[in-house]
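Thanks for coming. Please have the sequence and the model open while I talk.

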Amino acid sequence: QPLQFLMNTQYFPSDERAIRQALLFGTNRNAIVDAVYQRFSPVAWGPLSARTPYYSRDMVGLYGFDITQARSLLGNLGYSDSDNDGYLDLSGVTLEVKVIIPPWGLIPQTAELLQDQWRTIGIRTVLEPIPTFSVLLEKVNAGDYNLVAFDTAGMDPSFLNDFFLSNGSNNWTGFSSPDLDSLLLDAVRETDPALRRNLYAQVQRIIMDEALILPVRDYVNLDANSTVVEDLKFDSYGWFPILNNLKWAS
């Protein structure tokens, strides 16, 4: 998966689809990739990284940075800056989102940029740093959050079931859809590659149409080897070298 922020559809105000969409339109992912990841990582557009099997290129360009569109979505919901404090409000309640921030993967730096960017569209962002994965789970289980940064790795998009099935172990969005459940289960059972591709294209479209996640960037591992050796390989994630057949170059 890309670096992503899962949006809690069961907690105000991210329980409103238009709010989730506004957060997406209000995010300048190119600026984040430039500033935080020094352009080593491409912008992510959906729930699968571009190198994952059955990734749909139809995701590219969805929710491009568009402040006007973000503000329009919020205005249509009745939000305005009635007290001129720089943040939108409705019936005296400031538009605010809470984001759980784990310490790894430069996520804190990414979150600080999100906070600045969302201020531009009138949303106050409260960052809640946590020290460990166990504390992250405690926060998620409490349900008192709008977004949480979390992702996993896998060789097959079946890992999406953990996140987007109604009863998925990591369904931290709280979203439940019989149609999405059916597609996810059918895709896991399907053996024909063309049919699987079609099913996963539909899955990715629903996830983004519902604005269930904010994908930020695809992970990139930088690997190197010396010209004095041959047959150095890396595991499929690019994390660990495989040295079985390593030899001096002839």
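First, the ground rules. This is a predicted model, in which local features need pLDDT of at least 70, side-chain atom pairs count only at pLDDT 80 or more, and totals for chains, interfaces and linings use all residues. Residues are numbered from 1 along each chain as its sequence is written, and side-chain values use heavy atoms, with hydrogens and water left out.

Next, the helices. Helices are DSSP runs of H or I with at least four residues, strands are runs of E with at least two, and both are numbered from the N terminus. Take α7, residues 178-189. How far apart are its end C-alpha atoms? They are 17 Å apart, which agrees with the 16 Å that its 12 residues should span at 1.5 Å a residue. The expected span is 1.5 Å times one less than the number of residues.

On α7 the buried residues are Leu 180, Asp 181, Leu 183, Leu 184 and Ala 187. They sit on the same side of α7, because they cover an arc of only 165° around the axis. The arc is taken from the directions between the helix axis and the C-beta atoms. Buried means under 20% relative accessible area, exposed over 50%, and partly exposed in between, with a 1.4 Å probe and protein chains only. The face turned away from the buried side of α7 carries the exposed residues Pro 178, Asp 179 and Arg 189. What do the buried residues of α7 pack against? Their partners are α6 (160-164) and α8 (193-209), where contact means heavy atoms within 4.5 Å.

Now α3. Its buried residues are Ala 70, Leu 73 and Leu 74. Seen down the axis of α3, these fall within an arc of 95°, so they line one face of the helix. They pack against α1. Thr 68 and Asn 76 are exposed on the face of α3 turned away from the buried side.

On to single residues. Tyr 63 is in the loop between α2 (29-37) and α3 (67-76). Is Tyr 63 buried or exposed? At 10% relative accessibility, Tyr 63 counts as buried. Leaving out residues up to four places away in sequence, Tyr 63 touches Gln 21, Leu 24, Phe 25, Arg 29, Trp 45, Met 208, Asp 209 and Ala 211.

Trp 248, in strand β11 (residues 247-248), counts as exposed at 67% relative accessibility. Beyond its neighbours within four places in sequence, Trp 248 is in contact with Val 228, Val 229 and Glu 230. Its C-alpha atom is separated by 9.0 Å from that of Asp 231, 17 residues apart along the chain.

Ser 80 is in the loop between α3 and β2. With a relative accessible area of 36%, Ser 80 is partly exposed. Ser 80 touches Tyr 87, Leu 88 and Asp 89, again not counting residues up to four places away in sequence.

Last, some backbone geometry to check on screen. Asn 84, in the loop between α3 and β2 (89-90), has a phi near 55°, a positive value in a residue other than glycine. Asn 84 is exposed, with a relative accessible area of 67%. Ser 91 has a positive phi of about 55° and is not a glycine either. Ser 91 lies in the loop between β2 and β3 (93-94) and is exposed, at 75% relative accessible area. Finally, Phe 12 and Pro 13 are joined by a cis peptide bond, with omega about 0°; Pro 13 is in the loop between β1 (3-7) and α1 (17-25).
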